[in-house]
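Have a look at the model first, then read on.

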Amino acid sequence: MIGELGQLALILATLLAIAQTVFPLIGAWLNNNAYMQVGHSAAYGQFVFVAIAFALLTWAFITQDFSISYVANNSNLHLPMLYRFSAVWGAHEGSLLFWVLILSLWTILVAITSARKNSVLPKEFSARVLAVLGFISLGFLLFVVFTSNPFTRILPAPMDGADLNPLLQDPGLIIHPPMLYMGYVGFAVAFAFAIAALIGGKMDRDWVRWSRPWTQLAWAFLTFGIALGSWWAYYELGWGGWWFWDPVENASFMPWIAGTALLHAQAVTEKRGAFIGWTLLLSITAFSLSLLGTFLVRSGVLTSVHAFASDPTRGVYILAFLGVVIGGSLVLYALRAPKMTRGGGFSWFSRETLILINNLILIVAMAMVLLGTLYPLIADAFGLGKISVGPPYFGLMFGLLMIPLVLIMPLGAYGRWKQDKLSRVSRQLLLPLLISAAIAGLSAWFIDNANLRTIAGVFAGSWLIFGSLAYAIQRSMKQRRKWLPAGEVAMVIAHIGVGIFLIGVSMVETTSIEKHIPMSPGDSFQLAEYKFEFTGSEHIEGPNYSADRGTFIVTKNGQAVTTLYPEKRSYRRGQVMTEAALDPGLTRDLYVSLGDQIDAENQRWAVRIYKKPFIRWIWLGTLFMTFGALVGMTDRRFRRKNTDKAVSA
Amino acid sequence: MTPTRKKRLKVVLLILLGVGTAVAIAISALQENLLYFVSPTDVVAQKMPAEKQFRLGGLVKDGSVIRAQESLEIQFVVTDGRANVAVAFNDILPDLFREGQGIIAIGALDKNGVFQADEVLAKHDENYMSPEVADALEKAGHPDAQKGKQP
């Protein structure tokens, strides 16, 4: 029954999505309240049915209903209960249903906030926003129902299922996809606001002010989601990297870069009325990249262009939908472009200019990631050979582009709107500059095997941290009040986060110590100040795997530090997983994982032993960025009705 | 041309110059980091010069693995059924590295024609083969090519 009920719920949700798209648009056009209201009701109804479908699929996993092919392929009798929940979105069909659920959640959030009496949104505007969100939802629901139905039956039902991909059997992976999807899909709201503004023909500062808190919330989720993914890869993939420039990662990183550019462009449009067209385009770009990411990850095109070509329904559908969304938006944009107002002018040195440079750099960086990600696919599709793009391409290009960006970040905070003097700003920033230089100098002394890149990274990170702090302190002194506006606090916190992140990255990338060595029981190895003693490995049985578990006693100058138990697991489906063991710390992580077994009889293993200085700072920095964005969306001016009376802070 | 227009033109040119430089660097960096996939048959047919990085893919030949006890040094042969390439590696092997398994090695040929691998990749699933490897095996007429077709 579960399967049939699920189908029914999905079909009802699809019908409601049609209603949500059509009626509010007609209502806004004819200025008919009742029609506009349909949007809200349809959004709530749609959410209910999508949630029912999702709950039924979850129930099928909990009760191990292997007559549903998706459950049979991604679960088995031994799968621990916790992972039966995360298995719901662990593969293609379920993850798309999850995509729709998240979109539906964002939609009702918009519906609820816009239905409140003190809502800032005019009702025609919120009607159009809901219609756009309804259209996107419709596109995905049709995709789920016709090409990727998670409720498809198999007959006869197998006695036992396959298994959930063991890479996904990890607590970190339970909350990584929801966070990432909240971010990804959240850009749909900023997109819907932009399209609603374009349809309504009133492209002014207001819609940007309404759109900002939603963009910030989506960006916060995306930042957090990407960071979780990085953290998971670090301890789960068994070789201690935190970012791989893998196409799947790039798929989530591209919307993030565009979203970051959007956040900054929105500030200019909201405060100064400039860059309106650019902000609209970035809203469209950020969401288009989210869709492209879904296409890349979900169409199978990454594993092989040929796999995609042999079963093209899914890929072609997403590609066509992508075409409709991007093409339609751009046509609408072109039609409206003559009506767009020009904002206030600005001189060559002003906050506007600095944010313009920020946006240019970010967009070039995004384009460069896009090029590196798509190039192999395009080359393969046109028969130019099987190519992959090595991580050094991304690392080099991204690093180069970030240098000017990081240098101007504190200037951007200090720079005044419209017109400023470089000399004034530099005077203000002299102290942070000196402090950063001093810290960088000290780091050359105190950090083991620091090289020029380490010192440059520490300098850049300190420059951001102290530049932002100095700004916060000077501003609060001038304001003569305790708290700065939330928007400014947000900027300070997020920029400090980037500084912390940068220090983490440069320390890890330039001063990590990584040793790969063969070890037998009784062997010990000295890594910097730590001594790792391998006492042996034993065989253990997990719920759906069996494993070899090694024991490593770590000491420092004869004092016990910790004992680490890395595992090598074999899962039922034949996969082998390396479970690293680590001892985390604010200034260093110790990391041990078992490589291949050289000699089973003597328990001789190839072993990875790493010391990763400051790696926690990478994720700490992203937490600051996330928190900054959350603070930013609480700013009081987002809840005021009229910009023109508002004093720009 | 009015002074404001002149100024604007300058700004636009400056932006174009900046973006142009970035694109030029990106393309040259991309060129340098492109790794082609080459099958053993093509390596033997003298398609690859020494010291040029590429990705070699195929099956680890049965009985070809020789490993040292005191270090991580290992030697093996990668085959597509038609041609063989000797590979030397001195690092940790992936979890599913074993004889008969499809792998991809990244590295370059040395002067003796031995492929010095910097990295060896295998999939996490023993029934799964990288589509590139499957494709190479198919071209060489190897029976294991079908393995790659499984999802």
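Strands here are DSSP E runs of at least two residues and helices are H or I runs of at least four, numbered from the N terminus, and two strands pair if DSSP finds at least two bridges between them. Keep in mind that this is a predicted model, where local features need pLDDT of at least 70, side-chain atom pairs count only at pLDDT 80 or more, and totals for chains, interfaces and linings use all residues. Residues are numbered from 1 along each chain as its sequence is written, with chains lettered from A and ligands numbered from 1 in the order written.

**Where A meets B**
- Y36(B), in β1(B), is the bridge partner of I387(A).
- In total, 30 residues of chain B are in contact with 35 of chain A (C-beta atoms, placed from the backbone, within 7 Å).
- On chain B's side, α1 (3–33), β1 (34–38) and α3 (131–139) each supply at least two residues.
- The most comes from α1(B), with nine residues.

**Strands within chain B**
- Strand β5 (residues 84–90) and strand β7 (residues 115–121) of chain B pair in the parallel sense over three bridges, with F89(B) opposite A117(B).
- Strand β6 (residues 102–109) of chain B runs antiparallel to β7(B), joined by six bridges; A108(B) has Q116(B) as its bridge partner.
- Five residues lie between the strands in the β6(B)–β7(B) hairpin, where G113(B) takes a positive phi near 80°.

Notes: Contact = placed C-beta atoms within 7 Å.
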